There are 2 protein chains.
Amino acid sequence: MRPTVHDIAAKAGVSLATVDRVLNNRPGVRGVTRDKVERAITTLGYVRDVAAANLAKSRIYPLIFILPEGDNTFMRGLAVEVEAAKVRSAVERTAITVLSVPAFDRAALATALEKARALAPAGVAVVAIDALEVVAAVDRLREDGIAVVTLVSDLPGSSRDHFAGVDNIAAGRTAGTLMGRFLSGREGPVAIVAGSMLVRDHRDRLEGFSAAMAESAPGRRLLPVIEGHDDPAEVENLVSGLVADHADLAGIYSLGAGNRGLIAALEKAGRQADICAIAHELTPHSRAALASGTLDALLNQDAGHEVRSAIRVLKARADGLAVIGAQERIRIEIFLRDNLPVEPA
Amino acid sequence: MRPTVHDIAAKAGVSLATVDRVLNNRPGVRGVTRDKVERAITTLGYVRDVAAANLAKSRIYPLIFILPEGDNTFMRGLAVEVEAAKVRSAVERTAITVLSVPAFDRAALATALEKARALAPAGVAVVAIDALEVVAAVDRLREDGIAVVTLVSDLPGSSRDHFAGVDNIAAGRTAGTLMGRFLSGREGPVAIVAGSMLVRDHRDRLEGFSAAMAESAPGRRLLPVIEGHDDPAEVENLVSGLVADHADLAGIYSLGAGNRGLIAALEKAGRQADICAIAHELTPHSRAALASGTLDALLNQDAGHEVRSAIRVLKARADGLAVIGAQERIRIEIFLRDNLPVEPA
DNA sequence: AGATTTCTGATTTACGTACATCAGAAATTC
DNA sequence: GAATTTCTGATGTACGTAAATCAGAAATCT
């Protein structure tokens with residue numbers, strides 16, 4: 001039978017109250033007594049029953065998620081995952097509020113962070129934009145003792161507690177190596193379509209991709225980066241132009257969202273089999289395109305994992321606990337048509 | 001504030017005892033009363049506090065894991081994950097026993113299953129061998145009302161409740177597509193090294209690989225399958241012979257364990273850069289080989305995920321609850337040198 | 001030595017659910 | 001209408017921890 005606080009009290013020859021003081025390092029215990037209790041704890045191998053402790057505490061964690069608006073599937077999926085977390089909030093003792101802000105709008109994001117600060121939550125998760133005013137807003141939250149986790153896109157210069165997202169340089173490198181190797185024995189330039197160079201994750205992916213391409217396919221020409229602002233219509237326009245202008249185009253790396261536009265452009269031009277296309281994020285559209293062969297590979301970050309990780313970290317930081325880094329690392333998933341998960345994602 | 005059983009009792013105008021009877025469908029409640037209570041439950045949006053419920057029940061789940069012996073890293077890693085689960089058993093209310101059996105020994109496995117049955121646990125997780133006597137032993141467990149989950153390698157003909165492992169046909173296909181595309185523009189045959197054709201997962205991987213190779217690289221010649229019994233020394237011998245015999249060998253797919261031998265053979269022959277090698281399971285050795293370029297790609301199943309999933313499913317089945325299929329699906333991870341996780345795995 | 005401060009113990013209530021017991025009310029049967 | 005049988009209520013205990021209160025013991029200071 002698993003030892004309880006009562007067993008420790010008996011073993012150490014002290015009262016329950018003293019054990020409680022030691023366990024929750026409250027003041028009022030002499031050094032010698034504290035040692036006695038701690039020895040009892042280790043010899044009995046006591047571990048606190050978290051369920052019972054939470055029950056007794058009946059603590060709740062008010063959390064705020066700040067998410068960008070816009071109709072790209074990944075961000076909507078992220079919002080869906082946050083909603084799913086809301087449903088679990090009863091079980092997880094969280095109270096989640098969502099604030100929506102226009103995409104790629106640094107001023108709006110800074111304002112939203114201030115608004116979140118006024119609500120005095122235990123923690124805030126935010127899809128960051130890499131801008132000074134955003135850094136400043138995050139730092140103010142931290143000064144108020146509010147835990148902050150960046151989600152999907154990081155904010156390295158700030159005092160945020162944690163980044164719940166993938167290593168985007170590595171993601172870009174992965175795409176670069178795949179592209180380089182898939183195109184071996186084939187001529188022609190490679191194009192890159194981004195959302196915006198304003199967000200950190202896109203910049204990082206570009207950096208990684210360029211570096212890996214230089215290594216795995218040294219002579220390959222990269223066309224100048226195109227920004228489609230994660231908007232399907234805009235991306236379709238840009239890619240259509242690209243394909244028309246470069247008859248010898250060998251590959252396209254789409255490092256942002258708006259892949260519906262990319263897919264449509266390739267298929268309308270009849271170049272879907274010809275051009276090696278690698279994109280990010282598993283959505284119904286990208287999934288179908290991968291299955292049909294329009295896309296050749298897909299990199300993915302699991303939005304559900306990211307949201308759940310962000311919540312775990314925020315709760316831990318709110319309690320002043322350390323997080324286990326390895327457990328909270330979000331992996332880059334690679335999908336080919338052969339290892340697509342069965343369920344539509 | 002979240003509603004409790006007391007709130008339901010008040011709302012429905014009944015006593016706590018009646019609410020309890022409805023919630024845990026115990027007998028002794030009239031139809032009308034039951035309806036009243038259920039209406040109160042839905043209108044208040046009551047959800048049972050699982051933590052408190054478990055605390056009150058103080059239920060424990062005795063589980064048995066049957067794992068193969070042998071010194072291949074993946075199975076040892078699996079054992080480590082089971083040990084890690086043992087550590088958490090206090091929190092998760094499980095009591096885990098491990099039985100070790102010789103690898104690839106169907107009779108020993110059947111005996112171990114009988115032994116497990118005699119211990120009358122709530123559930124059994126087993127790395128299966130595809131043999132009639134094993135199927136029979138599993139079916140006997142199920143007849144005794146013991147939940148059974150196959151781990152890593154499935155047993156399709158049996159009445160097991162669930163398979164906690166990857167789709168190995170898809171894994172093989174993935175390897176085949178990568179191999180085919182990585183070798184585009186290069187001549188030479190491809191070799192396949194398996195552990196044993198006795199286990200289902202290896203047979204499935206072979207099937208998938210052959211099919212995908214046929215599609216993505218139609219003319220490519222596949223050498224006959226070699227069985228290394230997941231033993232590093234044996235694998236090294238076999239691969240050394242293979243490399244010596246085939247100067248034009250373009251690729252090797254190692255679908256089992258014992259990759260230390262594969263890596264050593266390639267490096268001793270000086271063919272590590274020349275031959276495209278794809279293997280399974282991320283271990284310190286395979287990880288280093290991927291980083292250095294001896295291996296070109298690595299497919300992985302996360303042993304930790306599999307063990308945790310198996311435990312969740314066994315607990316759920318022991319309580320007669322359904323499992324959410326999508327949540328328990330184990331993904332095939334693809335690693336290139338660029339997306340290796342930072343921590344040694 | 002007396003007053004003060006600092007520790008420690010004993011005890012109690014609470015968290016939300018499970019489960020058992022017993023008594024009384026309601027419905028059913030004869 | 002009396003005797004059953006079947007429901008329902010009231011009440012209490014338990015799970016393991018948190019947290020508060022109060023009283024007494026020990027140490028420290030004057």
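Trainee: Which residue has an N or O atom in its side chain 2.6 Å from a phosphate oxygen of DNA strand C?

Mentor: The model is predicted, so that local features need pLDDT of at least 70 and side-chain atom pairs pLDDT 80 or more, while totals for chains, interfaces and linings use all residues. Residues are numbered from 1 along each chain as its sequence is written, chains are lettered from A and ligands numbered from 1 in the order in which they are written, and side-chain values use heavy atoms, without hydrogens or water. A polar contact is a pair of N or O atoms within 3.5 Å; within protein, one must be able to donate a hydrogen and the other to accept it, and residues adjacent in sequence count only if both atoms are side-chain atoms. At 2.6 Å from the phosphate oxygen of DNA strand C, the side-chain atom belongs to Tyr46(B).

Trainee: Which residue has a polar backbone atom 3.3 Å from a base nitrogen of DNA strand C?

Mentor: Of the atoms of DNA strand C within 4 Å of the protein, 73% belong to sugar or phosphate and the rest to bases. On the phosphate side, a backbone N or O atom of Ser15(A) lies 3.4 Å from a phosphate oxygen. For the base nitrogen, the backbone atom at 3.3 Å belongs to Ala52(B).

Trainee: Which helix gives the largest share of the surface near DNA strand C?

Mentor: A residue is near a strand if one of its heavy atoms lies within 4 Å of it, and 28 residues surround DNA strand C. They divide into 11 nonpolar, 8 polar and 9 charged (Ala, Val, Leu, Ile, Met, Phe, Trp, Tyr, Cys and Pro are nonpolar; Asp, Glu, Lys and Arg charged; the others, with Gly, polar). Helices are DSSP runs of H or I with at least four residues, strands are runs of E with at least two, and both are numbered from the N terminus. The largest share, 4 residues, comes from helix 4 of chain B.

Trainee: And which helix gives the largest share of the surface near DNA strand D?

Mentor: DNA strand D is surrounded by 27 residues, with Tyr46(A) and Thr18(B) among the closest. The largest share of the surface, 4 residues, comes from helix 4 of chain A.

Trainee: How far apart are the C-alpha centres of domain 1 and domain 3 of chain A?

Mentor: An automatic or database assignment gives domain 1 (5-56), domain 2 (59-166 + 303-331) and domain 3 (168-300) in chain A. The C-alpha trace of chain A spans about 85 × 40 × 35 Å along its principal axes. The centres of domain 1 and domain 3 lie apart by 58 Å.

Trainee: Glu281(A) lies in a loop; with which side chain does its own side chain make a polar contact?

Mentor: The loop runs between strand 9 (276-280) and helix 13 (284-292) of chain A. Glu281(A) is buried, with a relative accessible area of 6% (buried is under 20%, exposed over 50%, partly exposed in between, with a 1.4 Å probe and protein chains only). At 3.1 Å, its side chain makes a polar contact with that of Gln301(A).
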